[in-house]
Amino acid sequence: MKVRNALNTAETHFQTALSNLIGTYKSFINDLINEYRNYLNRHRRSLNQNQKDELNQFIRDLESKRDNLHPDKGSISTPKELHDDTLKEINNLKNFNNNQKHELINILKTIYNNNNKITNIHNEIQKAINEYEYARALLMRFYQYEEVFRRDIGVRLRHLLHIPGHKKYEVAMLSALDKLKNDVVNIERSINSKITFLKKFLN
């Protein structure tokens, strides 16, 4: 019961963190889109057509990245990864000189550094990690007592059922214990995966 409650609490924090991450990323990308559109409008006379086309494509790529965000833990990048990917795309622009790229990079840095929502999400992520670690600690008790259970099952069954040496009930109990162990291993694997995923957002 304690394990289930801890898992439920952790899962609530986990889903909240994912939802907040999506909202924060969309806000961050929207700010980038707006500022790069403003840049395009301010420099419309000085930019040639190739530059305009390339910057418009860059903005459309940002829009696509924003629209494809969804709360699937396998598809969400960290804020640093999102920043670095955008930085790489700016540096790969073919029709902009270094000074122009520097202007575009400064827009990225300013928006990224001023995004306080990214920092606020850390609290929800840490709560989820703490609950998962608590649930994992509770699961570890199963391994501590497993061998004791296995040694003791035969003796207890023969005493309770007054069937000396009968193996039928021992086999049934040991089979149930093996199934429980498999369930524990699967839950532990899921917990470890989510903790590893969440911790990368705290770096």
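Reader: Leaving aside its neighbours within four places in sequence, which residues is Ile90 in contact with?

Author: This is a predicted model. In it, Ile90 is in contact with Tyr36, Phe58, Lys101, Leu104, Ile105 and Leu108, once neighbours within four places in sequence are set aside. Ile90 also belongs to the largest nonpolar core, which has 45 residues. Along with Tyr36, Leu55, Leu104, Tyr132 and Leu198, Ile90 touches the most other members.

Reader: Which helices supply at least two residues each to this core?

Author: Here is the list: α1 (2-42), α2 (49-67), α3 (79-91), α4 (98-113), α5 (116-161) and α6 (168-199). The top contributor is α1, with 16 residues. Nonpolar side chains tend to be buried together in soluble globular proteins.

Reader: What elements are there in the protein chain, and how many?

Author: Six helices and zero strands. The order from the N terminus is α-α-α-α-α-α. Of the 203 residues in the chain, 34% are buried. Take the contacts with a separation of 6 or more: 80% of them join residues 24 or more positions apart.

Reader: Why is the pair of Phe14 and Phe197 called edge-to-face?

Author: Two values decide it. The ring centres lie 6.1 Å apart and the planes meet at 65°. Rings pair if their centres lie within 6.5 Å, and planes over 60 degrees apart count as edge-to-face.

Reader: Where in the chain do Phe14 and Phe197 lie?

Author: In distant parts. Phe14 is in helix α1 and Phe197 is in helix α6, 183 residues apart. Both residues are buried.

Reader: What makes the pair of Phe197 and Phe201 edge-to-face?

Author: The same test applies. Centres 5.1 Å apart fall within the 6.5 Å limit, and planes at 70° are over 60 degrees, so this pair is edge-to-face. The structure holds five aromatic pairs in total. Phe14, Tyr132, Phe197 and Phe201 form one aromatic cluster.

Reader: How do you know whether Phe197 and Phe201 count as buried or exposed?

Author: Buried means under 20% relative accessible area. Phe197 has 7%, so Phe197 counts as buried. Phe201 has 3%, so Phe201 counts as buried too.

Reader: Where does the charged end of Lys194 sit?

Author: Over the ring of Phe14, 5.0 Å from its centre. A charge sitting over a ring has to be within 6 Å of the ring centre and within 35 degrees of the ring normal. The 5.0 Å value meets the distance limit.

Reader: How does the reach of α2 compare with what is expected?

Author: α2 has 19 residues and reaches 27 Å from its first C-alpha to its last. The expected value at 1.5 Å a residue is 27 Å, and α2 is close to it. Buried residues of α2 are Gln51, Lys52, Glu54, Leu55, Phe58, Ile59, Leu62 and Glu63. They pack against α1, α3 and α4.

Reader: What makes Ile121 count as buried?

Author: Its relative accessibility is 6%, under the 20% limit, so Ile121 counts as buried. Ile121 lies in helix α5. Not counting residues up to four places away in sequence, Ile121 touches Ala17, Asn20, Leu21 and Thr24.

Reader: Where is the pLDDT below 50?

Author: Over residues 157-163. Beyond near neighbours in sequence, that stretch has ten contacts in the model. For the protein chain, the mean pLDDT is 81, and 75% of residues reach 70 or more.

Methods. Residues are numbered from 1 along each chain as its sequence is written. Side-chain values use heavy atoms; hydrogens and water are left out. A nonpolar core is a set of buried Ala, Val, Leu, Ile, Met, Phe, Trp, Tyr and Cys residues joined through side-chain atoms within 4.5 Å. Buried means under 20% relative accessible area, exposed over 50%, partly exposed in between (1.4 Å probe, protein chains only). Helices (H or I, at least four residues) and strands (E, at least two) are DSSP runs, numbered from the N terminus. Contact means heavy atoms within 4.5 Å. Rings of Phe, Tyr and Trp (its six-membered ring) pair if their centres lie within 6.5 Å; planes under 30 degrees apart count as stacked, over 60 as edge-to-face and the rest as tilted. pLDDT is the predictor's confidence in each residue, from 0 to 100. The expected span of a helix is 1.5 Å times one less than its number of residues.
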